[in-house]
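Please keep the model open while reading.

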Amino acid sequence: SCVHTENCFVPISEIIAVEETEFNKKQRNIGRWQKMAKLHAFTVHYVKKARNHRWRCSGATFWCVDEHLCNQWTQALKELLEMQKSRPKQLLVYINPYGGKRQGKRIYEQKVAPLFSLASISTDVVITEHANHAKDNLFEVNIYKYDGVVCVGGDGMFSEVMHGLIGRIQKDSGIDQNNPKASLVQCNIRIGIIPAGSTDCICYSTVGISDPVTSALHIIVGDCQPLDVSSVHHSNTFLKYSVSLLGYGFYGDILKDSEKKRWMGPMRYDYSGFKTFLSHHYYEGTIAYLPAKHTHGSPRDKERCRTGCYICKQSEKQLVEQNKEHGLKSEEGEEEWKVIKGKFLAINAVNMSCACPRSPKGLSPAAHLADGSADLILVRKCSRLDFLRYLVRHTNQDDQFDFPFVDVYRVKCFQFTSKLSEDNESNVMDIGKKRFGQFCRDHPACCCNIVNSTWNCDGETLDSSAIEVRVHCQLMKLFARGIEEDCKDEAAHSQSSIEQLL
């Protein structure tokens, strides 16, 4: 069912609300309307798509002299909207008033709340007062009465809500999160992100733009985008979940340095990035990974993850079939693990492209949101000039993996241990002792000034350098539809008005 406008058809799924309208004769005091004593009207509020994946709420008013006909149309459209079962009716909203430019509360009240009200969505709003407030609260409230949880803030706020929601589902299902091989229970309560932070990478990579109104409209129409989540463990202890970047070396060092300079605001990332680039530290360690043989794509192909992604759907089917046939534990017990040891400037594992306005392609342009795999990117020790050439390629159209010192693999799980961890800790990882062997030591002891880097997990630091990472296919769902392929550019057109529905 569609509503026909001058420029396009608006599907019922993209109508936000229908409401009766008090008709003002002065608005239409022309032609035949001038002679009519009383007019009846209703307004259809709908999604208007503009350039760069931006959505706006637009409206068109219909009028006629027949009150009964007007009521019939209003009722019919409202019934069609009621049939959209994926739409949320009750939401739990967490607002971080301190994140980014401290605009979260204002953005929600001025731009988002009126849209939720228009769409007849009821909300319970919690303004967070300290770190982990939302996470702790999600373990206490009755989450099952809500159709979704909305976080207003940046990537850090989203991470907090995600940890609370996934953790609560595992707790209620009797799953031990500390067991790295545990099959986690899928979280079917969707999360909506209203971007209001200094970094909104997850929103940008799943919607195509960091814009509060666009995200609010995706929530209202009830979009659903499954999302892979990686669990990170150390010695059978759960550390974190990750949905975007796990970075050791370059990106870990940037985060570690920038944390000391929070007073600088978002500019601290530029400063720390430049400083880290100049320091040019490399780290010695060993990686073991299990290739993601189930997925149809590869990191070097040109297939981008878009709305209704075929690769994500097929990879999920393949993974389900594999697990039915072999089971998770028996499959990992097979000798499929690959081992790489060396000196690295950066080790990055990404579950999504990690695109942002500065790097529209992201760290791995062909990474998929829901295919049950992560892209493992290894940047070996190289010159500063070569590393700079690699970094610059994130901002242009050249293949950023086309360097002899860069390797990329699509993996289901991987383990890493640094040289220091291997030397100083016993039994760090099961696979480590069996397969890692000796580290290369090609520089004299007098030159050694080896330190560990820090893991950057979705913008938060991890204390342990030795970690075990496993991808959980489509563990959670977002109020998003992925990035649409051919987002129509309607911005140049004039405001469209809906014609007669008859």
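Strand β6, residues 90-95, is mostly covered, with five of its six residues buried. Buried means under 20% relative accessible area, exposed means over 50%, and partly exposed lies in between, for a 1.4 Å probe and protein chains only. Strands (E, at least two residues) and helices (H or I, at least four) are DSSP runs numbered from the N terminus. This is a predicted model, in which local features need pLDDT of at least 70 and side-chain atom pairs count only at pLDDT 80 or more, while totals for chains, interfaces and linings use all residues. Residues are numbered from 1 along each chain as its sequence is written, and side-chain values use heavy atoms, with hydrogens and water left out.

β6 pairs with two strands, and two strands count as paired if DSSP finds at least two bridges between them.

| Strand paired with β6 | Residues | Sense | Bridges | A bridge pair |
|---|---|---|---|---|
| β7 | 122-127 | parallel | six | I95 with I127 |
| β8 | 148-153 | parallel | five | L92 with V149 |

From β6 the chain crosses through helix α2, residues 104-118, to β7, and this β-α-β crossover is right-handed. Right-handed here means that, with the strands pointing away from the viewer, the path from the first strand over the helix to the second runs clockwise.

Helix α2 also packs against helix α6, residues 212-220, at an angle of about 30°, with their axes 10 Å apart. Axes are lines fitted to C-alpha atoms, for helices over the stretch in contact, and angles run from 0 to 180 degrees between N-to-C directions. α2 and α6 are therefore roughly parallel to each other; angles under 35 degrees count as roughly parallel, over 145 as roughly antiparallel, 65 to 115 as roughly perpendicular and the rest as oblique. The crossing of α2 and α6 is right-handed, that is, the near helix is turned clockwise from the far one by less than a right angle. On the α2 side, I107, K111, V112, L115 and F116 meet P212, V213, A216, L217, I219 and I220 of α6, where contact means heavy atoms within 4.5 Å.

Nine of the nine residues of α6 are buried, so this helix is largely enclosed by the rest of the structure. Among the buried residues of α6 are T214, S215 and H218. After α6 comes G222, with a positive phi near 80°.

The chain has 13 helices and 19 strands. Of its 502 residues, 55% count as buried.
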